[in-house]
Each structure stands twice: as C-alpha cells, then as structure tokens.
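Thank you all for coming. Please have a look at the chain on the screen, and then I will walk you through a few of its side chains.

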Amino acid sequence: MTAAGDRMDGGRMRTVAQWAGLLALSVAVTLGLDAAGLPAAWLIGPMIAAIALGVGGASVRVPPSGFTAAQAIIGCLVAHAVTPSILLSIAQNWPLMFGAVGVTVLVSGIVGWLFVRYGSLPGTTAAWGVSPGAASAMVAMAGEYGADVRLVAVMQYLRVVLVVLSASLVTHALTAGPQGGAVPVAPVELVDPLGLAATLLVAAVGGWAGQRFRIPSGALLVPMVLGALLQSGAGVTLQLPHPLLTVTYGVIGWSIGLRFTRDVLRHALRAVPQMLLSTGLMIALCGLSAWVLVSLLPTDPLTAYLATSPGGLDSVVVIALGTGVDLPLVLALQTLRLFVVVLSGPPLARLIARYA
C-alpha cells in the first residue's frame, strides 16, 4: 500500500510539475510575442510552449471538456461582434465565395491525389491529411475509412500551427500597429453580472448542444448563433472579461500544441517533407485566393487573407478579432469552407483512393 501510494504521489507531483512548467513557459513566450506586437500572441505563446513540452515528453493533456468550453467562449466572443450580416455577406457574394471554397477543395484534392500516387504516405492518409480545414473532424473520420490516424493528425495540426504562425506574421506586416498582440476584449468598461452570466450560459448550453449532436465545430458555431440571437432578440450584451479570454486562448493553444508528441513526430518523420510541401501549397493557394478576392470585392488584403486562410476556424477568428478586419466576411467564408470540407471529405478521399 505504501509503495502504491508513493507511486501515486509521484505521479501527481510529475503532473503538477508539468502543468507548472507549461504555465511558466507559456507566460514567458506569450509576453515576449506580445511585446513584439505579434497578433494572437496569447494564442500562439501557449501553443509554442505546449509543442516544446509535448515533444519533450510531457504527458499532460487538456481534457476534451476544457477544449469544448474554450471553443464555446470563442463562439460567444464572435457573437458579441457579429450580427446576421454574415448571412447577408454570403447572400450578396455567394458565387464568388462558393467559387473560392470550391477551388480550395479542388486543389487540396489534387495535392492529395499526387501524394497518394507518388508519395510514401499509406492508403488514403494523404487525402485526409491535406484537407483544408476541420482538423478535428478529419482526424475523427479518417480512422473510419482506413487511413493512418496518427499521420492524419500530424498533417492536420502541423497545418494549423503553420497557418496560424504565417497568418500572424502577415497580419503583423499589414497592420504594424503597436497593439497588434493585444487580447481582443469585448468593449465594456464595467463588469455586468447579467452580461457575464448570459455569456457563461450561452457557452455552456451551446457547447453541450454542439457536442451532443455532433455538429462540425459545433462547440464554437452553436454558441456563436445562440449568442447572436440573444443579443439581437433579447437586448442582452454578452460580456467577456480579459481574464476569461486569456484563459480561453491558453487552453486552445495548449490543446493544439500538446498533440505534437515525440512518438507521433518520430512516426511521421519520413513524411515531414511531404507535409511541409502540402501545407506550403495550401498557404500559397490562400494568398492567391486572397488576391482574387481583393480584385473582385471591395475589401482589404488582410480581410481577404484571413477569410481564405486554411487554418482552424477558432484560431483564425482569434487573429481576426484583434485586427479590425471585416469580420462578417472572414466568418462567412471560413464557416462556408468548414461545412463544404466536412461534407466533401469522405467522398473525395474515396475518389482519390480509387483513382490514385
């Protein structure tokens, strides 16, 4: 009993030490990035720290419920800034938006076919791994269709990390503002108990419903819709204090970064060049699509770049919220691409496997 108790105490101490180290490193990296004015520093800092600890052998993980709660809070933050103008933006520009999303999915399919045909990735792994979005959904569905889930996870989350970093650098270059790294906080001066309670209620109910009914990115999208309806219909203003958002960004960054363990990266080491190449092609396509949007729509380059960015919806939203871009257009195109990718993923993977 004593030996077993000692082992349990030792395990708890290691867990506490890993969380403490992760927190300390996250704060140090975040403050450095924030001082440099990097947008979304409060997301990228914890993500970099988590990658370092995960590759170094840390065993701690963010519970799924924690990640769901963080996504729900981001959904409420979006709802605070967004109105039904998202649907209006889609209705006004639907041919161009569907065209941009369709080209992105088509090019990702071609890249996947090339990697399945001429690369070293097994089976349909490449087809799932190069999907331009919905990382968690692609990883969840890939195993059901015979793909190597570990490689798909590495490809998807490597893409998310690289896209977040590149989008932050592009944002920094295009804005060059002194507050580029600040946490975007809802513009309220005093704590409103009703607004804060409404935010937590919407996050809890919407996050639960999104997970319960397995809606793609439902933990973010359902609170976003509920919060927007509550603000427009009931006149209640959602409130998201600075500490709440700081914790939320940290949880999201940790959730992404801790997936990069040493074993997973070692397993995928031989495919890293292909992964980097596929991600680079997707980012280049993003830039080309953004250029087309700027040419055809009355929008600025940063809005177009973030709207077409092939990263995770939650991370792109965090970057967009801190920059003053046309948020409805960014969300409209990102949300549209999310659902198209989720719906087209299985048939596209089967098609690639059949002909490659």
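Valine 225 counts as partly exposed, because its relative accessibility is 43%, where buried means under 20% relative accessible area, exposed over 50% and partly exposed in between, with a 1.4 Å probe and protein chains only. This is a predicted model, in which local features need pLDDT of at least 70 and side-chain atom pairs count only at pLDDT 80 or more, while totals for chains, interfaces and linings use all residues. Residues are numbered from 1 along each chain as its sequence is written, and side-chain values use heavy atoms, with hydrogens and water left out.

Valine 225 lies in helix α9, helices being DSSP runs of H or I with at least four residues, numbered from the N terminus.

Now to the rings, where Phe, Tyr and Trp (its six-membered ring) pair if their centres lie within 6.5 Å, and planes under 30 degrees apart count as stacked, over 60 as edge-to-face and the rest as tilted. The count by this rule is three aromatic pairs. In one of them, tryptophan 19 and tryptophan 254 have ring centres 5.7 Å apart and planes at 50°, so the pair is tilted. This pair links distant parts of the chain, since tryptophan 19 is in helix α1 and tryptophan 254 in helix α10, 235 residues apart. Tryptophan 254, at 15% relative accessibility, counts as buried, whereas tryptophan 19, at 27%, counts as partly exposed.

For tryptophan 208 and phenylalanine 213, the ring centres are 6.3 Å apart and the planes at 80°, so this pair is edge-to-face. Both tryptophan 208 and phenylalanine 213 are exposed.

Conventions
Helix = DSSP H or I, 4+ residues; strand = E, 2+ residues; numbered from the N terminus.
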